[in-house]
Amino acid sequence: MADGGPARVTLWGTPRCLSTAFLKAMTHVDDSIVWHEPYLYARRLGTDGADREKFRIMAEQGMKAKGVGGNFDAIIGMAKMLPFGYVGSEVSYQWVKEQLQADAPGKKLIFNKDMVEGIVDKYDAIPEGFRHVFLLRHPLKVFPSFKNMAKNNAPPGMMEGVDLRKLPGTGFMPAGYFYKELDDLYEYLKDSKPIVICTDDLQKNPEGVMKAYCKEIGIQYTEKILNWTDDGDAIMQKWMIAKESAMMLSSTTIHKNAFGSTGFGEPSELPDKAEMDEDIVEVVDKCMPYYEKMHKDRLQVE
């Protein structure tokens, strides 16, 4: 802990990279405050969010298709009724930064899990005094999972026959397919000695990796961050999360596996590239140089 205060950590990742399971682990650190994607939802919902209008349209279509509201204001109204979280549509990037930097008497850890696209073109909103961790998963594991997730949770018809190459600029995916943005941020933060954690390493040796991670950020390692209970989506009540995000996650299967997890699990086999759709192969090929570059700097343990 710096100057006797809490350790402050932001975990940056791509979709489908085990980041929600990591957040769940950090929820079991005593005397902690954990945040769920405040920068992503500042971008999607916030008063100065670049994707606010795009997300508004997607949210209206999605909730209407599920029969739980037809316009954005109604969706926000329903979300405000949740007894936990904050109203994401009423906050700004500056508000997020100030909240993360705020004093936290008696706390040992302030932990923020976020998606890299949330901070694109907003590096001035990165909070001071934080250690940065990058969770890195192989693109061949990320993009098939991302494509299935998108098809299973998007409004009917929206993602049928989806081509990942056409998603940048739609609000679903940034221009660099996540990995360029991840590497750009990594380079920007290089002087702060960011930590890169490979998800395969984490799943093969969770105790070794988490012990090394805890030592790096300055918190005590305990077994509770390796084995936890299946709380379902009730775990969200322990997080600082946008109410709109919590409502959406409760009505989709996006975090189903993470919510039901009791540990990091075993690593999956790398899919056969020859069996992948053409768009997945092309996007993976674009992302591999960034992945391989960052992978060389990963945290390594015996």
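Analyst: Phe 143 and Tyr 179 are both buried, meaning under 20% relative accessible area with a 1.4 Å probe and protein chains only, where over 50% is exposed and in between is partly exposed. A word on the basis: this is a predicted model, where local features need pLDDT of at least 70, side-chain atom pairs count only at pLDDT 80 or more, and totals for chains, interfaces and linings use all residues. Residues are numbered from 1 along each chain as its sequence is written, and side-chain values use heavy atoms, with hydrogens and water left out.

Trp 228 and Phe 264 make an edge-to-face pair, with 5.3 Å between centres and 90° between planes. Here, rings of Phe, Tyr and Trp (its six-membered ring) pair if their centres lie within 6.5 Å; planes under 30 degrees apart are stacked, over 60 edge-to-face, and the rest tilted. Trp 228 sits in the loop between helix 9 (206–217) and strand 6 (240–241), and Phe 264 in the loop between helix 11 (256–259) and helix 12 (278–295), so the pair ties together parts 36 residues apart in sequence. Helices (H or I, at least four residues) and strands (E, at least two) are DSSP runs, numbered from the N terminus.

Trp 228 counts as buried because its relative accessibility is 6%, and Phe 264 is buried too, at 8%.

The structure holds 15 aromatic pairs. One of them is the tilted pair of Phe 143 and Tyr 179, 5.9 Å centre to centre with 50° between the planes.
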